[in-house]
Amino acid sequence: MALRTPCTRFSKPALASLPKSTSCCSTPFTRKQASLPPSWQLSQSQRSMATVVHPVTQSSTSRNGPTAMVFMNMGGPQTLPEVGPFLSRLFADADLIPLGRLQNYIGPLISRRRTPKIQDQYAAIGGGSPIRKWSDYQSSEMCQILDERCPESAPHKPYLAFRYADPLTEEMYQKLLDDGFGKQGRAVAFTQYPQYSCSTTGSSLNELWRWRTRLEGKEPEGGGVKWSVIDRWPVHPGLIEAFAQNIEAQLVTYPEEVRKDVVLLFSAHSLPMSVVNRGDTYPAEVAATVHAVMTRLNFKNPYRLCWQSQVGPSAWLGAQTSDTVLAYVRKGHTDLILIPIAFTSDHIETLFELDQEVIHEARKEGGTGVKRAESLNGSATFIGALADVAEKHLRSGETCSRQMGIRCQGCKSERCLEQKRFFMNTERDVQEVIR
């Protein structure tokens, strides 16, 4: 039976001490805790900075603990010298940016050419990405909540596994083994991409499986790390509520007489059409998130979904966010709110691409009412949602979602097949459409 009692105490000051976001939003974030389900409500005392979490080993267990909670994300360079290595890893990833047989040649070439430009962009947002700061905060706060809600699997220890920046997946995995989880310790790979894509969550799981094989082998001594996966959560009520609250906070900055006419533009990272046409579920899951948010908002405003961050000359999923904003401004829709709907914190795509490029260009065209909704960052509602997703997974006993067991219609990747077999724990559960 699932425990639904929220935790009631924390030792740190309230969220006033949170690091400030550097987004274009000027209105403080407002929370509507009273209407939230108890399983992801947070008390005022819980809105605090995370305390330092000391290492745990398998000798310090509760009945089923400790449990490693591994946040998977793309990561970002924290300093300007890290930009080059970050781009090298990113363009070498055929799951994210497929460049064909010449990937190992073209990828490094593109990354070297783009490094100076991208360094300038990171310099413009403060010299580095805030993804690690927010991931550290979100994961630590979530684990403290889980320690109280799920004492049988406590202590819950946060780990980060970034795909292209420190701490990389291999660093995280070695730390897991050093902390004693290699002796049948439980670890949960928790994607921070709410909507599943083979290019994001799939790539992170491929990398996790690869390093598991390298560091533990096929038959690890002591039993190895026991993995389960939270592979998608696009319509979780807490996630939807957190997005809706941030939109409502920005809507109230417009005069009441024009508020209902403000166009809501949901923006998500685009995908190459070669990935979309292969059957990737990401576009459908992003659309499901958008529809759930608009349902929560009672469809009071006109809205559209658009896609950002196209790289290279190949065809990508559109319409592009920058083109969409300019098109609407030129048609007289000068009041628009951009909503980063597939990101769980600020990073270069929000702080530079949206705030300093898209919005700046729109205002030059007369779009003085173009703004952006705050990113999820330190939202207490969002962190409560993370804890609820994790709690339900821990209590379910499931290895992963049912959706993870079926491959994309056009998938021919043996690496994907082997990864799914590993995480689903049995070959017969993998329902291959095309091998």
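**Stop 1: a salt-bridge network**

Select Asp93, Arg163, Glu207 and Arg210: these residues are linked in a network of salt bridges, a salt bridge being a side-chain nitrogen of Lys or Arg within 4 Å of a carboxyl oxygen of Asp or Glu. Before going further, note that this is a predicted model, in which local features need pLDDT of at least 70 and side-chain atom pairs count only at pLDDT 80 or more, while totals for chains, interfaces and linings use all residues. Residues are numbered from 1 along each chain as its sequence is written, and side-chain values use heavy atoms, with hydrogens and water left out.

Now zoom in on Glu207 and Arg210, whose closest N and O atoms are 2.9 Å apart in their salt bridge. Both sit in helix α5 (residues 201-216), and because they are 3 residues apart there, about one helical turn separates them. Helices here are DSSP runs of H or I with at least four residues, strands are runs of E with at least two, and both are numbered from the N terminus. An α-helix has 3.6 residues a turn, so residues three or four places apart point the same way.

Is Glu207 buried or exposed? Glu207 counts as buried, at 8% relative accessibility, whereas Arg210 counts as partly exposed at 29%. The cut-offs are under 20% relative accessible area for buried, over 50% for exposed and in between for partly exposed (1.4 Å probe, protein chains only).

**Stop 2**

Next, select Arg372 and Asp355, which form a salt bridge with their closest N and O atoms 2.6 Å apart. This pair links distant parts of the chain: Arg372 belongs to strand β8 (residues 369-372) and Asp355 to helix α10 (residues 348-364), 17 residues apart. Arg372 and Asp355 are both buried.

Lys364 is exposed, with a relative accessible area of 55%, while Glu361 is partly exposed at 35%. In total the structure holds 22 salt bridges.

**Stop 3: helix α11**

Select residues 380-396 to show helix α11. Helix α11 is mostly covered, with 14 of its 17 residues buried.

What is there at the start of α11? A side-chain oxygen of Ser379 reaches to within 3.3 Å of the backbone nitrogen of Thr381.

Leaving aside its neighbours within four places in sequence, His393 is in contact (heavy atoms within 4.5 Å) with Arg186, Val188, Ser228, Val229, Ile230, Glu398 and Thr399.

**Stop 4: a lysine in a strand**

Move to Lys157 in strand β2 (residues 156-162). Lys157 counts as buried, at 5% relative accessibility. Show Tyr159 as well: a polar contact of 3.5 Å joins the side chains of Lys157 and Tyr159. A polar contact is a pair of N or O atoms within 3.5 Å; within protein, one must be able to donate a hydrogen and the other to accept it, and residues adjacent in sequence count only if both atoms are side-chain atoms.

**Stop 5: the cysteines**

How many disulfides does the count come to? The count is 0, with a disulfide taken as a pair of cysteine sulfur atoms within 2.5 Å. Cys198 is in no disulfide, and the nearest cysteine sulfur, that of Cys408, is 3.4 Å away. Cys198 is buried, with a relative accessible area of 14%. Cys411 is likewise in no disulfide; the nearest cysteine sulfur is that of Cys416, 3.9 Å away. At 5% relative accessibility, Cys411 counts as buried.

**Last stop: the whole protein**

Zoom out to see the protein's 12 helices and 8 strands. Of its 435 residues, 55% count as buried. Among contacts with a separation of 6 or more, residues 24 or more positions apart account for 81%.

How values were computed. Expected span 1.5 Å × (residues − 1).
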